[in-house]
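I opened this notebook to keep a record of what I looked up, entry by entry.

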Amino acid sequence: MPPAEHPEFVGLIEALRAAQETITGARPPEDVARKARENLEEITRLLSPFTVGESEQLTGQMRGLPGRAQALAPAFHVDVEGNDRVSGRVVFGRFYLGGNGAAHGGSLPLLFDEVLGRLANTGGRSPSRTAYLHVNYRKITPVGPELRVEAHFDREEGRKRYLVGTIRDPEGEITADAEGLFVALRPGQP
Ligand SMILES: CCCCCCCCCCCC(=O)SCCNC(=O)CCNC(=O)[C@H](O)C(C)(C)COP(=O)(O)OP(=O)(O)OC[C@H]1O[C@@H](n2cnc3c(N)ncnc32)[C@H](O)[C@@H]1OP(=O)(O)O
């Protein structure tokens, strides 16, 4: 479904991302924290009647949008995309902070799975799933600045698709790289 059909929902997810960022970085007085909680609870009450099944939900389905209207992973902004390689940008915001200015170690596989997994299933290829993801943490991945992300197919062996990717800091140094194996699903495989 094209994002143009659901501009308000797309805006809602952007607001959710902004809320995640702001809440994570805030140290509010108790009365402000209570008011914010009440507002969040009101949002839950407002949206609960519209819960749908997985096949009908909007979140995660908007492939043309950075982040696919899903606030789970940091939004990946695609610059160049081909059948065998992709490059783009990402910012790990405050929500993804691990400590001392570094992105949480678990947030990097999240980003790599998104980028490599998306590429693994492009170019007319059949759907595949992550079998493994090997991440090397070379230096801290900083929270805040825009980082470059590149990924490409390394090789394909039957149903097995091996992809590799890197994240680079603003100085161009690799902060993390990854290799992923994606196995093409057999017909009927969930
Ligand atoms: C709008 C939408 C946007 C879409 C944009 C979406 C972007 C996000 C994409 C995210 C993708 C995901 O996270 S998917 C979710 C996370 N992944 C999962 O939940 C997968 C769970 N695991 C499985 O379902 C299964 O184990 C499979 C499908 C991976 C493989 O099982 P299978 O189909 O029975 O295949 P199997 O015979 O075991 O293995 C086939 C071959 O692969 C090898 N192989 C299998 N697993 C491994 C392994 N871990 N390490 C080494 N090798 C392995 C086997 O040795 C064999 O080699 P040989 O003997 O043939 O040589």
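**Entry 1: two loop residues**

I began with Arg-68, which I found in the loop between helix H2 (30-47) and S1. I noted that the model is a predicted one, and I kept this in mind for every entry. When I looked up the backbone of Arg-68, I read a phi near 50°, which is a positive value in a residue other than glycine.

I then turned to Asn-100, which sits in the loop between strand S3 (97-99) and strand S4 (102-103). Its phi, near 55°, is again a positive value in a residue other than glycine. Here I found 7 other C-beta atoms within 10 Å, and since a residue with 12 or fewer counts as exposed, Asn-100 is exposed.

**Entry 2: the sheet**

Next I traced the strands, and I wrote down an open sheet of 6 strands in the order S1-S2-S6-S7-S8-S5, with antiparallel pairing. Which strands lie at the edges? They are strand S1 (76-81) and S5, each of which pairs on one side only. I also noted that the twist averages 20° from one strand to the next.

**Entry 3: strand pairs**

I went through the pairs of strands in turn, starting with S2 and S6, which are antiparallel and share 7 bridges. Within this pair I picked out Val-90, whose bridge partner in S6 is Leu-147.

Between S6 and S7, which run antiparallel, I recorded 9 bridges, and I saw that Arg-148 stands opposite Arg-168 in S7. S6 and S7 form a hairpin with 2 residues between them, and in the turn Gly-158 has a positive phi of about 60°.

For strand S7 (residues 160-168) and S8 I wrote down an antiparallel pairing over 9 bridges. As an example I noted Val-164, whose bridge partner in S8 is Glu-179.

**Entry 4: around the ligand**

How many residues surround the ligand? I noted 19, and the closest are Arg-63, Gly-117, Arg-129, Ala-131 and Val-183. When I asked which elements supply this shell, I found that helix H3 (107-120), strand S5 (128-137) and strand S8 (174-184) each give at least two residues. Sorted by class, the shell has 5 nonpolar, 5 polar and 9 charged residues.

**Entry 5: the two domains**

Last, I looked at how the chain is divided, and I recorded domain 1 (3-55) and domain 2 (73-184). Taken over C-alpha atoms, the centres of domain 1 and domain 2 are 27 Å apart. How many residues of each domain are in contact with the other? I wrote down 4 residues of domain 1 and 4 residues of domain 2. On the side of domain 1 that touches domain 2, I found no nonpolar residues, 3 polar and 1 charged.

How values were computed. Residues are numbered from 1 along each chain as its sequence is written. This is a predicted model: local features need pLDDT of at least 70, side-chain atom pairs count only at pLDDT 80 or more; totals for chains, interfaces and linings use all residues. Domain bounds come from an automatic or database domain assignment. Two residues are in contact if their C-beta atoms, placed from the backbone, lie within 7 Å. Ala, Val, Leu, Ile, Met, Phe, Trp, Tyr, Cys and Pro count as nonpolar, Asp, Glu, Lys and Arg as charged, and the others, Gly among them, as polar. A residue is near a molecule or strand if its C-beta atom, placed from the backbone, lies within 6 Å of it. Helices (H or I, at least four residues) and strands (E, at least two) are DSSP runs, numbered from the N terminus. Two strands pair if DSSP finds at least two bridges between them. Axes are lines fitted to C-alpha atoms, for helices over the stretch in contact, and angles run from 0 to 180 degrees between N-to-C directions. A residue is buried if 20 or more other C-beta atoms lie within 10 Å of its own, exposed if 12 or fewer, and partly exposed in between; C-beta atoms are placed from the backbone.
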